[in-house]
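Keep the fold open beside this text.

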Amino acid sequence: LIETANAPIFGVDMNGRVTEWNKKAEEVSGYCADETKGHMLVDEFITSDFKQKVHEVLLQAMSGVETDNFEFPLLTKDGRRIDILLNATTRRNEKGEVTGVVGVGQDITNLREAM
């Protein structure tokens, strides 16, 4: 379901390393899942001016405070900047323990350009 969703979806562990990167995330970013998994999301895929803000959203989600409709720029493999509207959700295991964050996004680049 996550793999074929029509929205970019990524997961990070408690250290901020990418654990999930679905087909739509591949499509909008140009990075295949193998190029992202195990890499630091904030350090490697977020523009410098938003690194701190995205890091804070991830930390909040890891503490159980979820964020809706957070806009941030993502760097594509070819160096472009695309605008993502993100919902960050706490990821838990079967025991209810927090294991990271799932981000469900929407590429709003064309919408922003039209404004």
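Strands here are DSSP runs of E, at least two residues long, numbered from the N terminus, and two of them pair if DSSP finds at least two bridges between them. With that in hand, take one position in the sheet. Arg 91 stands opposite Gly 100 in β5. The model is a predicted one.

Now widen the view. Five strands make up an open sheet. Their order is β2-β1-β5-β4-β3, and the pairing is antiparallel. Which strands stand at the edges? They are β2 (18-21) and β3. Each has a single partner strand, so one side of each is left without a neighbour in the sheet. From one strand to the next, the twist averages 30 degrees. Strands of a sheet pair through backbone hydrogen bonds, either parallel or antiparallel.

Strand β3 covers residues 67-75 and strand β4 residues 81-92. The two pair in the antiparallel sense over seven bridges. Within this pairing, Phe 70 has Leu 86 of β4 as its bridge partner. β3 and β4 form a hairpin, with five residues between them. In the turn, Gly 79 has a positive phi of about 90 degrees.

The next hairpin joins β4 to β5. Strand β5 spans residues 98-107, and its antiparallel pairing with β4 runs over nine bridges. Leu 85 has Gln 106 of β5 as its bridge partner. Five residues lie between the strands of this hairpin too, and Gly 96 takes a positive phi near 90 degrees.

Helix α1 covers residues 23-29 and holds Glu 26. Is Glu 26 buried or exposed? Its relative accessible area is 19%. Buried means under 20%, so Glu 26 counts as buried. Not counting residues up to four places away in sequence, Glu 26 touches Trp 21, Tyr 31, Cys 32 and Ala 33.

The largest nonpolar core has 26 residues. Which of them touch the most other members? They are Trp 21, Leu 41, Val 54, Leu 58 and Phe 72. The elements giving two or more residues to this core are β1, β2, α1, α3 (41-45), α4, β3 and β4. The largest share, five residues, comes from α4. In soluble globular proteins, nonpolar side chains tend to be buried together.

Leaving aside neighbours within four places in sequence, Phe 72 is in contact with Ile 46, Phe 50, Val 54, Ile 82, Asp 83, Ile 84 and Leu 86.

A search of the whole structure finds one cavity of 30 Å³ or more. The largest cavity has a volume of about 90 Å³. The largest share, three residues, comes from β5.

Notes
Residues numbered from 1 in each chain as written. Predicted model: local features only at pLDDT ≥ 70, side-chain atom pairs only at ≥ 80, totals over all residues. Heavy atoms only, no water. Helix = DSSP H or I, 4+ residues; strand = E, 2+ residues; numbered from the N terminus. Buried < 20%, exposed > 50% of the residue type's maximum accessible area, 1.4 Å probe, protein only. Contact = heavy atoms within 4.5 Å. Axes fitted to C-alpha atoms, helices over the stretch in contact; angles between N-to-C directions. Core = buried A, V, L, I, M, F, W, Y, C linked by side-chain atoms within 4.5 Å. 1 Å grid on protein atoms, 1.4 Å probe; cavity = no way out; pocket = protein on both sides within 12 Å on 5 of 7 lines; lining within 4 Å. Points joined across faces, edges and corners; volume = space filled by probe spheres on them.
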